[in-house]
Amino acid sequence: MEHGDTEGKQVNESSDLKDDAMEIFLAGVRAVDPEEAVLLALSLSGDTLGAGPEEFHLNADGRVLVVGAGKAGAPMARAVEKILGARVARGIVAVKYGHTLALDLITLLEAGHPIPDEGGRAAAGKIADLLKGAGEKDLVICLLSGGGSALLPFPSPPVTLEEKMAVTALLLDSGADIGEINTVRKHLSVLKGGGLLRMAYPARVLTLILSDVVGDALDVIASGPTVPDPTSFTDALGVLEEYHLTDRVSASVLTRLREGADGSRVETVKPHDPETGNVFNLLVATNSKAIRASAVRARDLGYNTRILSTTVTGETREAADTHAAIAREIVTHGTPLPPPACVLSGGETTVTIRGKGKGGRNQEFALAAAPGIEGLSGVVILSGGTDGTDGPTDAAGAIVDGTTLTRARSAGMDPFRYLNDNNSFRFFEALGDLIITGPTMTNVMDIHVILARGGSKPGRR
């Protein structure tokens, strides 16, 4: 009975902490709502459209064309419609399946993510056709967010869509980071690496961007369709060589990249190219903004709060081990801050696929963190994707506490077998510890929350 009472108390405390962790996570997600971000970024006064520090005169004999791609494309497009109304002449934006909204003037076309498909190829072709008619009096508004690379596949000859899909799948499974993946994508694409900007020339281009990459590098987000590309064909070949993929990709892919490295293919857009003088790229939401909002909510809930980093990268399991170690340090020594404590981080880690299970980097992060906090009372670690879809699953992530592994073993589950098989989704599905938000229509990478209460309860404000 005494053991049962203690265990019950621990479960109740963990439940309260889990509720707090979810509140903190969702506060960050709400802070990067794409529609609100665009509404805050744009203003219209007469015939002048303001975008951050820049102004664009809307010519009476010119058109406003809206294009774009990404998981946040629908709410971003709706915001543009709210501001410009009938001034929008035409618009086409590619979005992930299930990420649509009712719009009046801008057409949303659904496509595959993270693996490109024919829907994306068709959308890219229609966007290209629209841009080919753009003139110097027109304004092209480009809306980009996470997922844009996969949603706008326009392979450069002789590469086919199927071949590009195969390359993308190999890179995703190899452990390559998003910058490396996009280096290859840019050099197999018509629109990426400044290609969309080149196609829209001589029209003026305003690009509104939700960042889903660490460091907010504009050339990496959605593979930089309107940004000069610092990478080369030689760099793209180097990525394939580093991950031992040169003998696994098609002959057409290698031909394209090798011809480019030899100088017989036109490179992606570079900073000195004339097209770059016609574009203004504006970040409207970032992981940093989300993490700051989560920190505000954590303090309101009474936690001593610290932001660890918004640039967490590397292997998911290694990052998870570090976060578990921080939780133990708080409980054991009261550092880097005393309980009740909240430590926040953001970024995007990488899972190297070795098993055949189902999961995503956030669920794997949570499962990999669980052994490090096993048996600790009053500790919770949450890892969630701000887009609401972690990998090929309908979960945003997962949450663990000091009882997670014990509960799993009691249910006849071997946590390490699930981890080694990259089967975190099935593990947390069985325990009821998945984070299910549905599509959030935003995407600024991931949020990690460590809560450590120790013997103190937070005083809410």
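These legends walk through several close-up views of the predicted model shown above. Because the model is predicted, local features need pLDDT of at least 70 and side-chain atom pairs count only at pLDDT 80 or more, while totals for chains, interfaces and linings use all residues. Residues are numbered from 1 along each chain as its sequence is written, and side-chain values use heavy atoms, with hydrogens and water left out.

**View 1. A salt bridge between Lys186 and Asp219.**
Side chains of opposite charge can pair when their charged atoms come close. Here a salt bridge is a side-chain nitrogen of Lys or Arg within 4 Å of a carboxyl oxygen of Asp or Glu, and the whole structure holds 24 of them. In this one, the N to O distance between Lys186 and Asp219 is 3.4 Å. Lys186 lies in helix α7 (residues 178-186) and Asp219 in the loop between β8 (204-210) and α9 (233-242), so the bridge ties together parts that are 33 residues apart in sequence. Helices (H or I, at least four residues) and strands (E, at least two) are DSSP runs, numbered from the N terminus. Both Lys186 and Asp219 are buried, where buried means under 20% relative accessible area, exposed over 50%, and partly exposed in between (1.4 Å probe, protein chains only).

**View 2. Two further salt bridges, Lys270 with Glu267 and Glu429 with Arg426.**
The closest N and O atoms of Lys270 and Glu267 are 3.5 Å apart. Lys270 is buried at 15% relative accessible area, whereas Glu267 is partly exposed at 23%. For Glu429 and Arg426 the N to O distance is 3.0 Å. These two residues sit three residues apart in helix α16 (residues 424-431), so about one helical turn separates them. Glu429 is partly exposed, with 42% relative accessibility, and Arg426 is partly exposed too, with 36%. Salt bridges with shared partners join Lys186, Asp219, Asp229, Glu267 and Lys270 into one network.

**View 3. The largest pocket, with a volume of about 1200 Å³.**
Rolling a probe the size of a water molecule over the atoms shows where empty space is left. On a 1 Å grid over the protein atoms alone, a pocket is an open set of points where a 1.4 Å probe fits, with protein on both sides within 12 Å along at least five of seven lines; lining residues have an atom within 4 Å of a point. Grid points are joined across faces, edges and corners, and the volume is the space filled by probe spheres set on the points. This pocket is lined by 49 residues, and closest to its centre are Pro114, Leu172, Glu348, Arg361 and Gly391. Helices α5 (148-151), α6 (161-174), α7 and α13 (361-369) each supply at least two lining residues, and α7 gives the largest share, five residues. By type, the lining holds 15 nonpolar, 20 polar and 14 charged residues. In this count, Ala, Val, Leu, Ile, Met, Phe, Trp, Tyr, Cys and Pro are nonpolar, Asp, Glu, Lys and Arg are charged, and the others, Gly among them, are polar.

**View 4. The second largest pocket, with a volume of about 210 Å³.**
Its lining has 16 residues, and nearest the centre are Ser156, Ser189, Arg198, Arg256 and Val266. Helix α8 (residues 195-200) contributes the most, with three residues. The lining divides into six nonpolar, four polar and six charged residues.

**View 5. Pro155 and Ser189, with C-alpha atoms 4.6 Å apart.**
Along the chain, these residues are 34 residues apart. Pro155 belongs to the loop between α5 and α6, and Ser189 to the loop between α7 and α8. Pro155 is buried at 9% relative accessible area, and Ser189 is buried at 6%. Contact means heavy atoms within 4.5 Å. Beyond its neighbours within four places in sequence, Pro155 is in contact with Arg121, Thr160, Leu161, Lys164, Leu188 and Val190. With residues up to four places away likewise left out, Ser189 touches Phe154, Ser156 and Lys164.

**View 6. Helix α10 (residues 251-261) and its buried residues.**
The buried residues are Ser252, Val253, Leu254, Arg256, Leu257 and Gly260, and they pack against α6 and α9. After α10 comes Gly263, with a positive phi near 90 degrees.
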